[in-house]
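Hi,

Here is the structure I promised to pass along.

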Amino acid sequence: MMNQNRLKIYNGKLITPYKTIEQGTLLVENGKIVGLEEGNAEFPDAHEIDAQGNYIAPGFIDLHIHGGGGHDFMDNTVEAFLGIAEIHARYGTTAMCPTTLTSEKEDLMETLRIYEQADKLNNKGAQFIGMHLEGPYFALSQRGAQDPRYIRDPDPAEYKEILAATSIVKRWSAAPELKGAIEFGRYLKSKGILPAIAHTDAIYEEVLEAFENGYTLATHFYSGMSGVTRRDCFRFAGVIESGYLIDEMDVEIIADGVHLPAPLLKLIYKIKGASRTALITDAMRGAGMPPGESILGSRKNGLPVIIEDGVAKLPDRTSFAGSVATADRLLRNMVNMAGVSLEEAVRMMTKTPARIMGLDERKGALTVGKDADVVVFDQQICIQYTIVNGKVVYSS
Ligand SMILES: [Zn+2]
């Protein structure tokens, strides 16, 4: 008799991503990986998937995502949360950090409440692994598409109140040069939350101090951050140079092929490598939808944007306003545009983001004991199956 708690995926190339088993079988029981075998292993009574010679890899982990399938997390509905989790699961994502934009505090508090409700009902999509707050403590000069009305310096009374009300926030992006930002970073670390550098005009000395105080990740590297700047006749290294210079600094990149051209993807990979670089979609509601008009942020008070050329833009086309990427596209770009090996590209979408979030004991690799978050994809990195905690949530 078939046991629904046992799953066997056979006849595939297993990318663990420590190594590749050319023809292997992955065994899953009760939502955990219990075996990796060469050839076709015996696993009686299991539900079986024939991978047909395709790749079997760890599920993709997206640390920075706002929406998809016509929904934004800040729509503040359970339906939006579940819809985003499901649409991105079709493209291989098995875990994600729902991400907010700068907003009124009341709207943000509501988003956090909806997260907790949606999380309990989320059994057909990518898992939620903690909220990412993007803002509102940013440099106005680097706001990009963030609404300037809400941007301000870190306010201890405000962030302490938010964090007292919830335990689901796992990362928070801020500009480290702002007044109170170092204290803010220390406070986040004391709560087990990862501070990240974003929408910032910091110079090297400020980035280094921030790094020493917990800001060990650069949010969407190159977007909304300073490069080399001059103050009078003197030149200063910006956040980008600092991200390269500080070896232990992690970076996340929007590898949609639009935000960063091929030479920059190659440069980042060359200097930071696969173990310090995480691929993110930073997708807005237009991901998985046809081009045309859309809204960045909540339906209630978001900004109108236009989706064309595979990206969201402000209507005057002066700035990108988020991506419409899906995880499979990020992988294809790293392989096809940046010339990265498939194994290394997979690592940047699995092992590395898991480690950045402190989840690498449980996720990000196909090894015995890990959560059975698995994707099966073909030569073109088109997703055939997505499996979350041992359960098939998508098959093509
Ligand atoms: Zn974002």
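How many residue pairs are in polar contact between domain 1 and domain 2, with both residues at pLDDT 80 or more? The count comes to six. Salt bridges between domain 1 and domain 2, on the other hand, number zero. Bear in mind that this is a predicted model.

The domain assignment puts 3–57 and 370–395 of the protein chain in domain 1, and 59–356 in domain 2. Taken over C-alpha atoms, the centres of the two domains lie 30 Å apart. Where they touch, domain 1 contributes 21 residues and domain 2 contributes 22.

As for the area, domain 1 and domain 2 bury about 1700 Å² between them, and 65% of that is on carbon and sulfur atoms. On the domain 1 side, the residues that lose the most area to domain 2 are Pro17, Ile381 and Tyr394; together they make up 30% of what that side buries.

I also checked which strands are involved. On the side of domain 1 that touches domain 2, at least two residues each come from strand E5 (55–58), strand E23 (374–377), strand E24 (383–388) and strand E25 (391–395). E24 gives the largest share, with four residues. Sorted by class, that side of domain 1 has 15 nonpolar residues, four polar ones and two charged ones.

Cheers

Definitions and conventions:
Residues are numbered from 1 along each chain as its sequence is written. This is a predicted model: local features need pLDDT of at least 70, side-chain atom pairs count only at pLDDT 80 or more; totals for chains, interfaces and linings use all residues. Side-chain values use heavy atoms; hydrogens and water are left out. Domain bounds come from an automatic or database domain assignment. Contact means heavy atoms within 4.5 Å. Buried area is the accessible area (1.4 Å probe) that two parts lose on being put together, summed over both. A salt bridge is a side-chain nitrogen of Lys or Arg within 4 Å of a carboxyl oxygen of Asp or Glu. A polar contact is a pair of N or O atoms within 3.5 Å; within protein, one must be able to donate a hydrogen and the other to accept it, and residues adjacent in sequence count only if both atoms are side-chain atoms. Ala, Val, Leu, Ile, Met, Phe, Trp, Tyr, Cys and Pro count as nonpolar, Asp, Glu, Lys and Arg as charged, and the others, Gly among them, as polar.
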